[in-house]
Amino acid sequence: MKAIRRFTVRPVLPDALKPLSDLAHNLRWSWHAETRDLFQSVDPERWAAAGGDPVRLLGSVPSARLTELAGDHRFLRRLTAASEDLAEYTGGERWYQTQSAGLPAAIAYFSPEFGITAALPQYSGGLGILAGDHLKAASDLGVPLIGVGLLYRHGYFRQSLSREGWQQEHYPVLDPHELALAPLTEQDGTPCHVTLALPGGRRLTARIWLARVGRIPLLLLDSDVEENDLGERDVTDRLYGGGSEHRLLQEMLLGIGGVRAVRTYCRLTGHPAPEVFHTNEGHAGFLGLERIAELCEAGLDFDAALEAVRAGTVFTTHTPVPAGIDRFDRELVARHFGPEAELPGIDARRVLHLGRETYPGGESHLFNMAVMGLRLGQRANGVSLLHGRVSREMFSGLWPGFDAEEVPITSVTNGVHAPTWVAPEVIRLGARQIGAKRAEDALTVGDSDRWDSVADIADQDIWELRRVLREKLVGEVRERLRASWRQRGAGTAELGWIDDVLDPDVLTIGFARRVPSYKRLTLMLRDRDRLTRLLLHPERPVQIVVAGKAHPADDGGKRLIQELVRFADDPRVRHRIVFLPDYGMAMAQKLYPGCDVWLNNPLRPLEACGTSGMKAALNGCLNLSVRDGWWDEWFQPDFGWSIPTADGVGTDEDRRDELEAAALYDLLEHRVAPRFYERGAEGLPDRWIQMVRRTLTHLGPKVLAGRMVREYVERLYTPAARAHRAMTPQAARDLAGWKTRVREAWPRVTVEHVETSSAADRAELGAALVVRVRVGLGELAPDDVEVQVVSGRVDEEDRIADASVVPLKPAGGGEEGRWVYEGPLSLDRAGPFGYTVRILPSHPLLAAPAELGLLTVPADGTGEGAGVLMR
């Protein structure tokens, strides 16, 4: 029989065990081994049945066992120690508190998904896992972050396979009362809500749930409340589901409702108000509109409020392709803003302009969330060096006239939260080597370029650790594979072969990620006969563990999964290659440590960063990857292997896949497998162990989320906080007025004449020239602009590369807006060399010279123009 109503009955803990509830409701347990060990000791069988979730565990433990534990003095001492440790962790001084003054009082971090733990399934892939690692690393460092997201009642989806290997989706309902969440309440105990106005007089109301992520509060908005009609209740039903209006409402709730939730949380708790707002991808971009509306209500006009908001906003883009950006029909957006809907005090036309694709090839009828994010954030970044370059190219049309390298988008390479992803066995080995406290600091703060202590670990210990982890993975794979085949309809009598799947002494390759086409799940199947020979090699076999989910609407991705599953079902190879359904955090935490090689073969440069290989590397796994994302930046032969790419302009996709698959097979057959199976004098794979050691020593510190968050603090958050403080209401008005004046006057700004005088008879390396420029500034003054000489090597078409920029100084003039500028030009490079001059707007509160997207260069025939000086 089926229940007509469901609710959660919470256990009544004896007074002596009350701290267990606090420990269970702070998600620090998800990366703190001692706390997890404590909960496991409560009831090991129920802990396993609860999937390692303390809240579910406490809801299932019999009262008799709780009474027994309340009288167990040894358990109570452990409980007291864990409780005191959490109190010290959340209240004590950490890295952030030891830094110099001027850091932000608080940062609000908005993301559409957060991968904190498998027990709180609010993520689909890399973006959410990155956001979760960001919060956890910020907690470890003591950074005063407030996380903001949505609470999806169905999460993303659970994946299983049909008998034919076709992906099937399941959407279990999540009860917030059974999760490590608490409703945010007013002083009188009533739940806190935020409300958005919708067209036609409707309202969208959301409850605010609070998750504790160590020191970090995470606010999650939930529209499944009685105040909403059925359609509005479903706004937060599932992650990345529904049509355009559904997604638009999710993103309005995240951005606009999220700011209102932050204000409510700070009012109730006394938490400092954020000085910096960080938009993790464009989904939360509407947060800037809500903050503009707040300032307009306080007396600023729209333009001044826009400048004030931009100063304290950081925007991170995670996609290297336009197709990965949310874009909405402009008419749909227009209906949801203005007098009859949300933010009635803001002209909807101003809203629409913020998301307008004004660059060549842009579509005028679409509203682009990433474009809005860039216009509302004074600081922007990609998530690897290569992705930063790709992003500058992709969005360069917003800054016409500037070379792509000058587009104001920097990069902070992603990192991963080591305590979450490093196997306990690896952490224990490190603790034995340098002590528990130093090991913890090395994995969290990440302020060292090298982990030299790894060099002192014996080869035998490293190799034994790798075998232990591989053996644990083999057991995990067999258990999951057996469960998957039962879901596919197989009987127990059919599954005896699973006992021989994988071998703990065979080279093990891992491949797990989302399954869009560009990640090329099935590249390994390009030559099936050759792959089969690799899997079944009599002396140097390999085995492969594959996992991944396709988006429910992506039939192409589902076909790729089915193709791989059918190959893995073949009785000839099924003991050497497996596909595990329902890839998620719990599986990943077993998969990364147990693999010897982590495979990644996306179409370059479509992988923005790709952090799975980082997690594997922290466990002593070597990478075998196309040089994309982070691997392009940090690849060294000591850390693994680079798959050559065939990305020439004339290479079609099919030919490219053929060439790169062949390169992959060659690497596996001739370099990777021989290195793994080669034995030295002591019977150990000495050269393989040396690569593992160097991966941990040199690559380990680079890939940490602690390093990443420290970079955000130093390079983005702190400058944004300073800009926010400098942007007083009057400064915002002045800057907005200055920008308006400059934009109106710019069509009359000209470079009228350029000439040089040489201090040497010939243009020789090391010589210096004096550049003299006459410019027309119209109604502008010299303080409004900077005149620059740009020089460097030139190509056959006189395009300047590796440019050096030197500002020129006013040297007279002023009549009728004409001014003379001059300054030195050093001939510091041999070979073809050229220069030009340009005029840019200049103001102390601009974060980058290209910020306004205004630029004046010489017209043809303007004196020497950009003539080549040396060849």
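Predicted model: local features only at pLDDT ≥ 70, side-chain atom pairs only at ≥ 80, totals over all residues.

Student: Which residues of α20 are buried?

Tutor: In α20, which runs over residues 528–535, the buried ones are Arg 530, Leu 531, Thr 532, Leu 534 and Leu 535.

Student: Is Arg 520 buried or exposed?

Tutor: Buried: the relative accessible area of Arg 520 is 6%. Leu 343 is another non-glycine with a positive phi, about 50° in its case. Leu 343 sits in the loop between α12 (330–335) and α13 (348–354), and it is buried at a relative accessible area of 4%.

Student: OK, domains. How is the protein chain divided up in the domain assignment?

Tutor: The assignment gives domain 1 (15–91), domain 2 (104–158 + 193–415 + 717–726), domain 3 (458–683) and domain 4 (741–841). Between the centres of domain 1 and domain 3, taken over C-alpha atoms, there are 36 Å.

Student: What about the largest nonpolar core, how many residues has it?

Tutor: It has 106 residues, and those with the most contacts inside it are Leu 507, Met 524, Leu 624, Trp 641 and Trp 688. Helix α25 (residues 653–677) gives the most to this core, with 10 residues.

Student: Why does this core lie between domain 2 and domain 3?

Tutor: Because both domain 2 and domain 3 give residues to this core. Apart from it lies another core, of 98 residues, including Leu 219, Val 309, Leu 352 and Leu 846.

Student: Back to Trp 641. What is it in contact with, leaving aside neighbours within four places in sequence?

Tutor: Among them are Leu 622, Leu 624, Trp 631, Phe 635, Leu 667, Arg 671 and Trp 688. Trp 641 also belongs to a cluster linked by ring pairs, together with Trp 463, Phe 676, Tyr 677 and Trp 688.

Student: How many aromatic pairs are there?

Tutor: The count comes to 19 aromatic pairs. Take Trp 421 and Tyr 592: their ring centres are 5.7 Å apart and their planes are at 70°, so the pair is edge-to-face. This pair links distant parts of the chain, 171 residues apart, with Trp 421 in helix α16 (residues 418–421) and Tyr 592 in helix α22 (residues 585–594).

Student: Are those two buried or exposed?

Tutor: Trp 421 and Tyr 592 are both buried.

Student: Where do charged ends sit over rings?

Tutor: The charged end of Arg 28 sits over the ring of Tyr 89, 4.1 Å from its centre. Arg 238 has its charged end over the ring of Tyr 171, 3.6 Å from the ring centre.

Student: Where's that cis peptide bond?

Tutor: A cis peptide bond joins Arg 604 and Pro 605, with omega about 5°. Pro 605 lies in the loop between β18 (597–600) and α23 (612–617).

Student: Last one: which residues does the UniProt annotation "domain: DUF3417" cover?

Tutor: According to the unreviewed UniProt entry, residues 13–120. Over residues 13–120 the chain is 51% helix and 4% strand, and the end C-alpha atoms are 23 Å apart.

How values were computed. Residues numbered from 1 in each chain as written. Heavy atoms only, no water. Phe/Tyr/Trp six-rings, centres within 6.5 Å; stacked < 30°, edge-to-face > 60°. Helix = DSSP H or I, 4+ residues; strand = E, 2+ residues; numbered from the N terminus. Buried < 20%, exposed > 50% of the residue type's maximum accessible area, 1.4 Å probe, protein only. Lys NZ or Arg CZ within 6 Å of the ring centre and 35° of its normal. Core = buried A, V, L, I, M, F, W, Y, C linked by side-chain atoms within 4.5 Å. Domains from an automatic or database assignment. Contact = heavy atoms within 4.5 Å. UniProt positions renumbered as here; feature names shortened; annotations may be inferred.
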